[in-house]
Amino acid sequence: MSVCASRSRSPYITLPFERINTRKQTGTFTSLHGLQELYLYGNHLVELHPGTFDIPSLQMLNLLNNSIREIHSRAFEGLNLLENLDLSNQDVVILHENAFSNMSICEISLSGNNIQEIHPYAFEGWVRGSKCTDVIMQQ
């Protein structure tokens, strides 16, 4: 685990390969006030539900190489400052309605997934309210 809270760098936490899983849990990371970057790559996250990441100050969320299969509606609700979201190399199969709604995020990376179903409104409100519109979806 790596934690940084110096003035010269944004507050961040790195928890790679810690066997963290969130199965229908909410509020798991709520006590991390002021956190701007969270790196949870290589863990055992399976599903993303609303409230899993209730960190309003978060600007960057790296979930690379987990086991996420579904991104539920409003999974990132409350992350109004989030600019970069890396969901690469998962097992994502389904993007539910409003999965990325009401976000002002600049970049979402979904590379290396096996997405089979994207609800027509999965990105509803995101493109309209965002200052950037990059979605990376390479195989």
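Me: Is Phe76 buried or exposed?
Reply: Keep in mind that this is a predicted model. Phe76 counts as buried because its relative accessibility is 2%, and the cut-off for buried is under 20%.

Me: And how many aromatic pairs are there?
Reply: The count comes to two aromatic pairs. In one of them, Phe76 and Phe100 are stacked, with 5.8 Å centre to centre and 10° between the planes.

Me: Where do Phe76 and Phe100 lie?
Reply: Phe76 is in the loop between β6 (70-71) and β7 (84-86), while Phe100 is in the loop between β8 (94-95) and β9 (107-109). So the pair ties together parts that are 24 residues apart in sequence.

Me: What's the relative accessible area of Phe100?
Reply: For Phe100 that's 0%, so Phe100 is buried.

Me: OK, other pair now. Why do Phe100 and Phe123 count as stacked?
Reply: Because their planes are at 15°, and stacked needs under 30 degrees. The ring centres of Phe100 and Phe123 are 5.0 Å apart.

Me: Which parts does the pair of Phe100 and Phe123 tie together?
Reply: The loop between β8 and β9 holds Phe100, and the loop between β10 (117-118) and α1 (126-129) holds Phe123, so the linked parts are 23 residues apart in sequence.

Me: Phe123, buried or exposed?
Reply: Phe123 counts as buried, at 19% relative accessibility.

Me: Which residues do the ring pairs link into a cluster?
Reply: Phe76, Phe100 and Phe123.

Conventions. Residues are numbered from 1 along each chain as its sequence is written. This is a predicted model: local features need pLDDT of at least 70, side-chain atom pairs count only at pLDDT 80 or more; totals for chains, interfaces and linings use all residues. Side-chain values use heavy atoms; hydrogens and water are left out. Rings of Phe, Tyr and Trp (its six-membered ring) pair if their centres lie within 6.5 Å; planes under 30 degrees apart count as stacked, over 60 as edge-to-face and the rest as tilted. Helices (H or I, at least four residues) and strands (E, at least two) are DSSP runs, numbered from the N terminus. Buried means under 20% relative accessible area, exposed over 50%, partly exposed in between (1.4 Å probe, protein chains only).
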